[in-house]
Amino acid sequence: MKIRKPILQLGTYSPPLEGRDPNDYLLMDFNESPLPPPAHVIEALITFIQSNRLQTYPSYGDFLEKLGKYTEVPSDHLILTNGSDQAIDIILRALLGEGDQMILAKPGFSMFFQVAGTLGAKCISPQYHEDMSFPFHEIMEAVTSQTRLIVIITPNNPTGTSASLEQIKTILQTYPKTAVLVDEAYFEFTGQTCVSLLKEHPNLIVIRTFSKAFAIPSLRLGYAVAHPFFIEHLYKIRGPYDVNMLSLVAALEQLKNPGPWQEIVREVITEAKPALEQFFREHEVEFHKGDANFMLVVPDDVNAAVGFLKQNKILVRPMRPPIENMFRLSVGTLDGAKRFMEVYAKYLVQ
Ligand SMILES: Cc1ncc(COP(=O)(O)O)c(C=O)c1O
């Protein structure tokens, strides 16, 4: 058996998922919703399971029309994917071959680097600035004749910082023949989107997910928004049944009745996050607040801080180079923030 060289050279992307039981720990490590989806979502899932439909292949009905209303595009601008991870996978497979260049600032979401690696593509990675601001000029200057794809994650995971609409527009305008993929996984926390730029810029592709604000990461649903000519090609790569029906049933409920998830987003952004920011300021702990449902914290000793939190049943995510001196703190309910502050205050006086 001959494995392709780019695969042989790659490591596995394996996030530290083991032992993450929400009954044992306060989970502040994976940018998830702090609460399960509301009762009407669970009831719809149970009804679906009891209606003798698990044994049939998925049929997606008019879900794309409904999602189109939410996203404000016609349904032929959309494709559903098995989590936005799969959107990343099929979009990169459509655009990148061996030796092609992808530009994506570091630190950025690992899946992009992993998929580009499997294709033998080269990643050009300008660094986020020390204040975590988006390296716009560096990205503009990094583009070459080999560049096939520019990726912008906004807000970015893990820095939390955003690219402005003006910056995205300038990149689209300056490089109209290069695909620009904007990852809006955290859109629901900011309300800021570049989808409207699609009308004038057919080189734009946007991806989103139901894993964050919509609270169903275990069901795996994401989607891409792009011009129909590009969407058509993506359908050739995605399998016809890659998206499971349970994810659609739950997503439909979340779209129909947005009140409960919007209330959690409101609590995260307007109550829990400001409380944490104030706490860090008062205790003179350096942090980067970002725009999404997480922030970066810079402790004196990251291993000691993460270890102390874990001993006290709170999980956070230590970062890798170039920000290995920080941990990422996912923000949930105000109660969760209070528990974190209580424990972290003890850590600080040790
Ligand atoms: C920026 C970004 N994009 C995409 C994803 C993938 O999410 P999913 O595959 O669950 O939709 C994540 C998950 O953490 C993310 O942070």
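Predicted model: local features only at pLDDT ≥ 70, side-chain atom pairs only at ≥ 80, totals over all residues.
Good morning, colleagues. Let me begin with the overall division of the chain. Domain 1 is made of two segments, 17-37 and 259-348, while domain 2 covers 52-256. Between the C-alpha centres of these domains the separation is 26 Å. On the domain 1 side, 22 residues are in contact with 23 residues of domain 2. Which elements of domain 1 give two or more residues to the side that touches domain 2? They are α11, residues 259-282, and β10, residues 294-298. The composition of that side of domain 1 is 13 nonpolar, 5 polar and 4 charged residues.

Strand β10 leads us to the sheet in which it sits. Four strands, ordered β9-β10-β13-β12, form an open sheet with antiparallel pairing. At its edges stand β9 (286-288) and β12 (317-318); each has a single partner strand, so one side of each is left without a neighbour in the sheet. The pairing of β9 with β10 is antiparallel and runs over 3 bridges. Within it, His288 has Leu296 of β10 as its bridge partner.

I turn now to the other sheet on my list. This one is also open, with 7 strands in the order β2-β8-β7-β6-β5-β3-β4, and its pairing is mixed. Its edge strands are β2, residues 78-81, and β4, residues 122-124, each of which pairs on one side only. On average, and ignoring direction, neighbouring strands here are turned by 20° against each other. In what sense do β3 and β4 pair, parallel or antiparallel? Strand β3, at residues 101-104, pairs with β4 in the parallel sense over 3 bridges. As an example, the bridge partner of Met102 in β4 is Cys123.

Next, the ligand. The shell around the ligand holds 13 residues, and the closest are Gly83, Ser84, Asp85, Thr209 and Ser211. Which helix supplies the largest share of this shell? That is helix α4, spanning residues 83-95, with 3 residues. By class, the shell comprises 4 nonpolar, 7 polar and 2 charged residues.

Helix α4 also packs against a neighbouring element. Its partner is helix α5, residues 110-118; the angle between the two is about 35° and their axes lie 10 Å apart. The crossing of α4 with α5 is right-handed. From α4, the contact draws on Asp85, Ile88, Asp89 and Leu92; from α5, it draws on Met111, Phe112, Val115 and Ala116.

Helix α2, residues 39-50, packs with helix α10, residues 245-256, at an angle of about 145°, and their axes are 9 Å apart. This crossing, too, is right-handed. On the α2 side the contact is made by His40, Val41, Ala44, Leu45 and Phe48. On the α10 side the residues are Met245, Leu246, Val249, Ala250, Glu253 and Gln254. In terms of class, the contact of α2 with α10 contains 8 nonpolar, 2 polar and 1 charged residues.

Thank you for your attention.

Notes: Residues numbered from 1 in each chain as written. Domains from an automatic or database assignment. Contact = placed C-beta atoms within 7 Å. Nonpolar A, V, L, I, M, F, W, Y, C, P; charged D, E, K, R; others polar. Near = placed C-beta within 6 Å. Axes fitted to C-alpha atoms, helices over the stretch in contact; angles between N-to-C directions. Left-handed = near helix turned anticlockwise from the far one by under 90°. Pairing = 2+ DSSP bridges.
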